[in-house]
Structures are given as C-alpha cells and as structure tokens.
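Reader: I have the model open beside me and would like to go through some of its side chains with you. Could we begin with what the exposure terms mean?

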Amino acid sequence: MLSKKVEAALNAQIEIEASSSQAYLAMASWAETNGLSGTSAFLYRHSDEERVHMLKLIKFVNDRGGRAHVPALKQPQKDYKSITDIFQSLLEHETGVTASINNVVDLCLKEKDYTTHNFMQWYVSEQIEEETLARTLIDKLELIGSDKAGLYLFDRDLQNLTGTSGGAHDGNA
Ligand code: FEO
C-alpha cells in the first residue's frame, strides 16, 4: 500500500512524464514542418516513449492500492530557433525530470517504501541513458555547425535512432 506522500509524488511524476510526451510531440511537429524528417521521426518516437513512462506509473499506482490521476496539460513551446535549440531544450527538460525522479527516490527511502524504491530504479537508469543521448546529439550538432551536408546526415541518422535502449520497447511497460 502506498503512503499518501508517495502516492502524491508518483501522481506528480505522472504529470511530468505526460508533459514530456507533449513537449516532444510539439518538437516533432516543428521538425516535421522544417524539413527535418529524421529528427521528427526520432521525436515522435520519443514522445511515445514518454507516454509509456506515464502509463507504467499509472499502472503501478493503481496496482499498489493508490489512485492515479490523469493530468490536464499546458500547451508546450510551439516554436524553436533551430535543431540545436530543440536538443538543448530536450536536455534541459530531461535534467528537470531527473531531479524530480531523484526526489521521488529520496521520499521512498524516507517513507521506507522499498517496493516503490525498487520500481523507480528503472526510471533512474532511463534518465542516465536519455541525458547521455541528448548530450551526444548536442555535441554532434556543435561539430556540424553550419555545414548543410553534415546536418543532412545527422537528420538521416536520427530516422531510426530510438530515444533509449529501453523506453517503448520495454516489455514491462
Ligand atoms: Fe520519461 Fe524522458 O523521462
């Protein structure tokens, strides 16, 4: 059984994952209408993965005797200056998500909720992968600079790249 505090923290995390899915959906739409079809495909998949992260939490809260709430969401940022701006925003967003997940993990320890602590470890690992990938992509974009051929290849490479090794492909999701 979840304590009220852990239940509230997990519900807050549900909202964050849902907001992440919305944010990446908006980025995908921007990329799609700015000639970046590979980047757009990557971001649509990433948005789907975030929805899976949200669903995993909803199922967990309900299975543990709590009540998951489906949140209302704010409209995400619509416009971006460049592809680099997108990935910098994505990294900034994920850094915030990591901080929030760490707070949930911390609360689990304080509340001696080792089951939820164990469940949250999947999210801890996922965050490491997501942040690493975002940093790698930003580094590549910095190397490419204003080289149009480089940007073309970067976008093409993203066509089949998944956000993480887990995410939407995780069997437990
Ligand atoms: Fe579900 Fe990207 O954090």
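Author: A residue counts as exposed when its relative accessible area is over 50%, as buried when that area is under 20%, and as partly exposed in between. Please keep in mind that this is a predicted model.

Reader: Is Lys110 buried or exposed, then?

Author: Lys110 has 62% relative accessibility, and because exposed means over 50%, Lys110 counts as exposed.

Reader: And which side chain does Lys110 meet in a salt bridge?

Author: That is Asp106, with an N to O distance of 3.0 Å. Asp106, at 38% relative accessibility, is partly exposed.

Reader: How many salt bridges does the count come to?

Author: The count comes to four. Among them is the one between Glu7 and Lys4, whose closest N and O atoms are 3.2 Å apart; both residues lie in helix α1, which covers residues 4-32. Glu7 is buried at 8% relative accessible area, whereas Lys4 is exposed at 67%.

Reader: Changing topic, where does Leu90 lie, and what does it touch?

Author: Leu90 lies in helix α3, residues 83-110, and is buried, with a relative accessible area of 3%. Leaving aside residues up to four places away in sequence, Leu90 touches Tyr24, Met27, Leu43, His46 and Ala134.

Reader: How far apart are the C-alpha atoms of Leu90 and Gly38?

Author: Those C-alpha atoms are separated by 16 Å, and the two residues are 52 residues apart along the chain.

Terms used
Residues numbered from 1 in each chain as written. Predicted model: local features only at pLDDT ≥ 70, side-chain atom pairs only at ≥ 80, totals over all residues. Heavy atoms only, no water. Helix = DSSP H or I, 4+ residues; strand = E, 2+ residues; numbered from the N terminus. Buried < 20%, exposed > 50% of the residue type's maximum accessible area, 1.4 Å probe, protein only. Contact = heavy atoms within 4.5 Å.
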